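Visitor: Hi! Could you walk me through this one while I have it open?
Guide: Happy to, let's bring it up.

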There are 6 protein chains.
Amino acid sequence: MGSAKEQQLEDPVLAPAIERARVLAEALPYIQQFDNKTVVIKYGGHAMVKEELKAGVIHDVVLMESVGIRVVIVHGGGPEITKLMKKLGIQPKFFEGQRVTDEETLSVTQMVLDGKINGEIVNGINLAGGRAVGLSGKDAGLVLAKRFRPTGPDGKVGDIGYVGEVERVNPEILDVLDKHEFIPVISPIGVDADGQTLNINADTVAAEIAAALKAARLILLTDVRGICKNPADPATMIPTIRAADCEALIRDGIISGGMIPKVRACLEALAGGVEKTHILDGRIPHALLLELFTDTGIGTEIIS
Amino acid sequence: MGSAKEQQLEDPVLAPAIERARVLAEALPYIQQFDNKTVVIKYGGHAMVKEELKAGVIHDVVLMESVGIRVVIVHGGGPEITKLMKKLGIQPKFFEGQRVTDEETLSVTQMVLDGKINGEIVNGINLAGGRAVGLSGKDAGLVLAKRFRPTGPDGKVGDIGYVGEVERVNPEILDVLDKHEFIPVISPIGVDADGQTLNINADTVAAEIAAALKAARLILLTDVRGICKNPADPATMIPTIRAADCEALIRDGIISGGMIPKVRACLEALAGGVEKTHILDGRIPHALLLELFTDTGIGTEIIS
Amino acid sequence: MGSAKEQQLEDPVLAPAIERARVLAEALPYIQQFDNKTVVIKYGGHAMVKEELKAGVIHDVVLMESVGIRVVIVHGGGPEITKLMKKLGIQPKFFEGQRVTDEETLSVTQMVLDGKINGEIVNGINLAGGRAVGLSGKDAGLVLAKRFRPTGPDGKVGDIGYVGEVERVNPEILDVLDKHEFIPVISPIGVDADGQTLNINADTVAAEIAAALKAARLILLTDVRGICKNPADPATMIPTIRAADCEALIRDGIISGGMIPKVRACLEALAGGVEKTHILDGRIPHALLLELFTDTGIGTEIIS
Amino acid sequence: MGSAKEQQLEDPVLAPAIERARVLAEALPYIQQFDNKTVVIKYGGHAMVKEELKAGVIHDVVLMESVGIRVVIVHGGGPEITKLMKKLGIQPKFFEGQRVTDEETLSVTQMVLDGKINGEIVNGINLAGGRAVGLSGKDAGLVLAKRFRPTGPDGKVGDIGYVGEVERVNPEILDVLDKHEFIPVISPIGVDADGQTLNINADTVAAEIAAALKAARLILLTDVRGICKNPADPATMIPTIRAADCEALIRDGIISGGMIPKVRACLEALAGGVEKTHILDGRIPHALLLELFTDTGIGTEIIS
Amino acid sequence: MGSAKEQQLEDPVLAPAIERARVLAEALPYIQQFDNKTVVIKYGGHAMVKEELKAGVIHDVVLMESVGIRVVIVHGGGPEITKLMKKLGIQPKFFEGQRVTDEETLSVTQMVLDGKINGEIVNGINLAGGRAVGLSGKDAGLVLAKRFRPTGPDGKVGDIGYVGEVERVNPEILDVLDKHEFIPVISPIGVDADGQTLNINADTVAAEIAAALKAARLILLTDVRGICKNPADPATMIPTIRAADCEALIRDGIISGGMIPKVRACLEALAGGVEKTHILDGRIPHALLLELFTDTGIGTEIIS
Amino acid sequence: MGSAKEQQLEDPVLAPAIERARVLAEALPYIQQFDNKTVVIKYGGHAMVKEELKAGVIHDVVLMESVGIRVVIVHGGGPEITKLMKKLGIQPKFFEGQRVTDEETLSVTQMVLDGKINGEIVNGINLAGGRAVGLSGKDAGLVLAKRFRPTGPDGKVGDIGYVGEVERVNPEILDVLDKHEFIPVISPIGVDADGQTLNINADTVAAEIAAALKAARLILLTDVRGICKNPADPATMIPTIRAADCEALIRDGIISGGMIPKVRACLEALAGGVEKTHILDGRIPHALLLELFTDTGIGTEIIS
């Protein structure tokens, strides 16, 4: 048989075909493994801004859904909020480095998230052949939140306004949409017990929703290659980190800055029953497909 | 028995109780008749602006849902759109009396509808004990639209920008939400075959959705008592108008001005299979309950 | 807004409408609360004899069923049994004040209950638009009974013949009928393990059936206003009595005579898991609707 | 093999066993054929009076039900009605040989049918291990009737009072009971559009119910061996008669007297879609089993 | 009544009919008792070789299925395997009296079992009106086996080749076939964890399958009348043996030779939850029907 | 973006990953398109003989099943039948070039097909993680056949013994197995109305089963690259042939020899409602995956 096979590989028609067949044979077990499983994607960064990347992510989401994965998207706000605030002449205020969200700011945030970005993602998915439904955490009581009160360096608790943290996720509406094969696209707005809407960090919302759904995967799309020993060198990316090792990596400064809250969101998700979490470079074409359907993956996974 | 009964009616405790019992006995057959039937409400006008009326309408919607009516709400934009346009310094343009919707105006419209008003209604219903989910016509391909091109008096077709008319309603998401007892709250935004969002008249959207759902009732909440022979005198309100008589009433000027498109929306709904349509004064407390659950009703019904 | 509202209330058309709306708004939450709940009614007394009251109770039952309440009726025998016994020349016998039921008396009892009264109630409900099915405790083994042997004042156990007490209720046939929206109308006849039919007190049968169905309400229709501190003065009626307080009220003579076994039936029902029990004046028009659907109620409720 | 077999048949243990096996092998295909089929039995005559026959019929009914046959029983009144009338001193009146049913007679009829005979059959079945539910044609609107007005020999239409003929059977309650494996036992009482109860011939009620249920069999239990050429000689019984030949047999006097309305009921049932009808001697032990489960049968079948 | 009855028994037409009725009345409760119950039959011996007996067993199986019994057949190999081995010139080898199954022998065994006998039984059932599906223990992983290694008299474990013992039965495919009313016909081939097929004793396979299905009955068809105190005299057959007594009967030599493994299979089945087991003479016509549907039975039952 | 992308492609880690992502993105829509669709594979030739190819085909079948394709396998007999005939000293006889199948030959054929090859495929699939069930056309009446009588060149109809042609396929058992996610593996044996088993051409059986199942694809695995204009040169393979053009290609000799019956089987399948048929080279690794899941495919498809 050996020689026949070699002959085939030299066959200018068959050789690439057989290479393709190998990729398929590698991917199919993953596809099967994710059948009917939930993958929550925090969508943000460049992948939400650059047209070509945007189209790519949306295309991948529709493909994932088409092979039986239950995809849930949570999006951030991007630079649009700041843009509209500027137009309306609203001055940003800060407390200990965090943006204070007064009523006007909250109103702008909601208008941009629910009245602009959310609809654009929904529209994109529908045009690509999927069936998306936009939600905020207010809809069907999806995200119950309470006010977030950060502690300053002086130990005093500060008031940063209408900023929330997740208290409870009520996933019923997600189950309903999933059962009928709609893709939920969720803005990170919650509502407290008094009906006050609150702005929440999108990574956290994604993590809590993933936990509530006992998702197979939480994927945070970012603008870096993954967690790298030397951030300047993608070749030093760590493919797999155990939850137990994260705090040490934070102390050592390998996980630092904006990556810290993302890693914390992953840890929360793992603690809540999510199987695996991924920090993935949204700038790589088809990053989602590669991470889910190939043996090697391309980002950093954090596992328990 | 007669005298015993008279005695009871004079009984200071029982007399009002018995009066209440009569209202109930009158209402129950209506309640039963609407069980599992769909009522589409176009929500707008004062009832959407004044806090007390707002709370009343929302309370009635939750009650209707609680006794088994499938309520669907379509809301308009109110004065909020104009307010934000002013803040952003956008100059309104008009063609033959109709507002031209350029890209900037469309963006503002969507932000106000989907990012402000829709969420407020959803929030209100949830606080009142209902379970609402906000939608726009983009979600799940609910409202497929095409550009609306009005003809000017010179016979020329004008371009008023991103304004649409309904081409087709795809009610699947409404059926799904209804099956799980969520109340859909819909903003009048459609999307055309190329994915372009379009702003549409809310009365028309409500009428088309009612037709697609073969609703039992379409109710347009307005700021007038109904259609009156003499608009200045509520006592001249016409309780029932047949569809066939509407054009004559328009010619006679009894139906005029802003009432004309509302009546046309009702006629479309009737043609599409809706059982009855109502033009109702949203300023009357519990107007919805009175119209649906009492023998007399309080607005004008248009029937086929 | 205030002045507009005042104006409306003075409006001669709207003012009563708005009053009606308030009754409705008050009733709807109750209607919703009873949706799909079971209410067992012991039907007897004047309400079963006087034509006008009869029609009223039956109408209310059909209304209750129409808004989703599962109504179960247990009826007594009224004066008809005595009437037929007289015609047949049967002499009543007594033991310690209780009627002795020999074979002939039992035969008359069954003929009147199952061959006359039951069918009349069934017929009435069907004519009023409901769908009733008559049952006795023999049907489908609904009421398994054993002989009731009262103890005389001398401590001796007496034989009062074919009189039974409930041993076990097998509610399967009631569930089947309910599932298909039939109203069961039940005569208080049971059957013992040897197939002997026995006559049972209707209040007890109603209480045991309510317990077996985990009913939301047991309502005993009587010919008095409720339990009154001074039976001569309806104004002294006690609206709510706790189960724990009943024995004291019996000792104090406030609950006395024929009311004692009724209260005992209520206590049994409560012990068996019924939510609330009511002793209600069947002579008040729409007593059932008022008790169930208004804030105040009109009889005495006994609660645990 | 032959000799081995002969040897077995001589085996004193095996020979009868093998004979039994043949009966079984013959019966099983019939049992299978009737699985989930409906058999309507008109129960009356000696089989309803003599204790031993009564027990036998009821036992057979329970066996039939146990192997998957849907049995429906319609019973007559027997001599009990006359007995009670006598006790009450009611004088029977006749019109052209038919008993006139005035209000008093109707009342007695219902009390005996629904308050005595029906319950006894229900009780019997339940004691024998079945699960019976007693019904009259009033229950769930089962039998809608109209007054029967016979024509006298002078061509005048006579008034025989509260006697009915079937107008429509509404079998919903029978389907419900069957689905839950309850055996309906039905008294021949109908109700007209005004709610007036009417006494109806039980053979006719059985035939109409069989037609409404598209029953596989209608079996009329009688006190004769079947239709015999010479009524005095059971050996002349005709096993099978085609519907088309019945009128000729009536003309020839072979079908005569009380057998005529029974045959007419069979013809009606056949016209209404019943597969086969049987006139069967209720005095023969296990007549039902023999007729249904053996090749030869024992009564007269009338087929279309 | 007595005399009427005697008269009937003398009636030359009715007397045998009534005898047949008694057999039926006796059988029906058994038929009902086995409704939807599983009976596993080990089919082998003369009943699988002689044409007339073969047709009889198959006919009975189809009848049993037709009245709602779930029949499962496990067959042996009969003399066909030896026949084919001879034709192919394969020399049988033995170890301690057991046939050694080398690769060639295994191949012949499978070809005869799955390629000849199994198909003939399937074909026979289908021709008789049943719906059979042939299986081996390989299909759907039905029988997971491991190599059977007998211990010789010297205490050494011998290698008898590809002979297996059951490790686990996975009855899913049997449930699926049963749900759709197919009769499974199973050859006693198992497969081990490495995919090696193994030949297994059919009695054991039948017993393990019966246990896995929690069958009501395991019936081993043999060529003897049952277990007899004196094997030469069928009249000494023991109708019922308790599991606890079997070892004593083996020690006493009453159960001996080839009967020992059959009894052991029965004990295993009983231990696994089978209700009753039978050793039955397959040479008696309709042996299956007689054993299942009559009061006395005709073989030996072993019960726990 | 362009330059970033170029940079990525040069990235030694990412470049091949992105290539793999492209294959996946190409394959996913096909995978989705075949979800829940039926693909019937005629399995034979080298792919059934050479161990490596065998493992490959079976692996692909399990992958296909795992992503939701309903796979049905029909296998041929290969050289094994001839081998066993030789061993048994059976002389092959021929009529007009066709093998005459006498009883002995039929017996050998069944033993090899059902007792050897079928089980090996079933075993292979089960070991690879699938769940296969072996069937012949006898099981559950799957393939009803009649004798095939070829016409000789002299116009005389010849008798070639137990060779059949398909008369009707009864796919119920296939639907049942599919519903429970079992893979049917079918040998080409049919049965006629008298229960006589017949040997049938496997390509035809596959085609008729595909038609009966309204399969999306019929794939015939062969030992050639496809239909080639010049059979000696694989580069001349015709990727797509319309059904209407096949007869011309036969006349021109491009389709010739053993390929003719294969093409005829494809045409029959297309006529019976199969969407597409493929003649595929079973020697190419992962031929099935490439044909189904890539844009180009690798064999010849025949379409209507």
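Guide: One term before we start: contact here means heavy atoms within 4.5 Å. Also keep in mind that this is a predicted model.

Visitor: Thanks. With that cut-off, how far apart are chain A and chain D?
Guide: Chain A and chain D do not touch. Their nearest C-alpha atoms are 31 Å apart.

Visitor: And what about chain B and chain E?
Guide: Chain B and chain E do not touch either, and 31 Å separates their nearest C-alpha atoms.

Visitor: What do you get for chain F laid on chain E?
Guide: Chain F goes onto chain E by a turn of 180° and a shift of 0.0 Å along the axis, with an RMSD of 0.1 Å. Here too, 100% of the interface residues of chain F are also interface residues in chain E, so these copies meet through the same surface.

Visitor: Let's look at helices. At what angle do α2(A) and α2(F) pack?
Guide: At about 60°, with their axes 10 Å apart. The crossing of α2(A) past α2(F) is right-handed.

Visitor: Which residues make that contact?
Guide: From α2(A) you have A:Arg20, A:Val23, A:Leu24, A:Glu26, A:Ala27, A:Leu28 and A:Ile31. From α2(F) come F:Arg20, F:Val23, F:Leu24, F:Glu26, F:Ala27, F:Leu28 and F:Ile31.

Visitor: How does the contact of α2(A) with α2(F) split by class?
Guide: It has ten nonpolar and four charged residues, and no polar ones.

Visitor: Now α5 of chain C and α5 of chain D. Where do their axes sit, and at what angle?
Guide: Both helices cover residues 103–127, and their axes are 7 Å apart at an angle of about 110°. Angles of 65 to 115 degrees count as roughly perpendicular, and α5(C) and α5(D) are therefore roughly perpendicular to each other.

Visitor: Left-handed or right-handed crossing?
Guide: Right-handed, as α5(C) passes α5(D). The contact involves C:Gln110, C:Met111, C:Val112, C:Asp114, C:Gly115 and C:Lys116 on α5(C). On α5(D), the residues are D:Gln110, D:Met111, D:Val112, D:Asp114, D:Gly115 and D:Lys116.

Visitor: And by class, what does the contact of α5(C) with α5(D) have?
Guide: Four nonpolar, four polar and four charged residues.

Visitor: Where is E:Asn36 found?
Guide: In the loop between α2 (14–33) and β1 (38–43) of chain E. E:Asn36 is exposed, with a relative accessible area of 54%.

Visitor: What about F:Asn36?
Guide: Its phi is near 70° as well. F:Asn36 lies in the loop between α2 (14–33) and β1 (38–43) of chain F, and it is exposed at a relative accessible area of 55%.

Visitor: New topic: is D:Thr277 buried or exposed?
Guide: Buried, because its relative accessibility is 0% and buried means under 20%. D:Thr277 sits in strand β13 (residues 276–281) of chain D.

Visitor: Which residues does D:Thr277 contact?
Guide: Leaving aside neighbours within four places in sequence, they are D:Leu218, D:Cys266, D:Ala269, D:Leu270, D:Thr300, D:Glu301 and D:Ile302.

Visitor: Where is F:Leu249 found?
Guide: In helix α8 (residues 246–251) of chain F. F:Leu249 is buried, with a relative accessible area of 14%. Not counting residues up to four places away in sequence, F:Leu249 touches F:Ile241, F:Ile254 and F:Ile255.

Visitor: Last one: what does B:Glu172 contact?
Guide: A:Arg131 and A:Phe182, leaving aside its neighbours within four places in sequence. B:Glu172 is in helix α6 (residues 172–179) of chain B, and it counts as partly exposed at 30% relative accessibility.

Key. Residues are numbered from 1 along each chain as its sequence is written. Chains are lettered from A and ligands numbered from 1 in the order in which they are written. This is a predicted model: local features need pLDDT of at least 70, side-chain atom pairs count only at pLDDT 80 or more; totals for chains, interfaces and linings use all residues. Side-chain values use heavy atoms; hydrogens and water are left out. Axes are lines fitted to C-alpha atoms, for helices over the stretch in contact, and angles run from 0 to 180 degrees between N-to-C directions. Helices (H or I, at least four residues) and strands (E, at least two) are DSSP runs, numbered from the N terminus. Angles under 35 degrees count as roughly parallel, over 145 as roughly antiparallel, 65 to 115 as roughly perpendicular and the rest as oblique. A crossing is left-handed if the near helix is turned anticlockwise from the far one by less than a right angle, and right-handed if clockwise. Ala, Val, Leu, Ile, Met, Phe, Trp, Tyr, Cys and Pro count as nonpolar, Asp, Glu, Lys and Arg as charged, and the others, Gly among them, as polar. Buried means under 20% relative accessible area, exposed over 50%, partly exposed in between (1.4 Å probe, protein chains only). Copies are superposed by least squares on the C-alpha atoms of residues with pLDDT of at least 70 in both.
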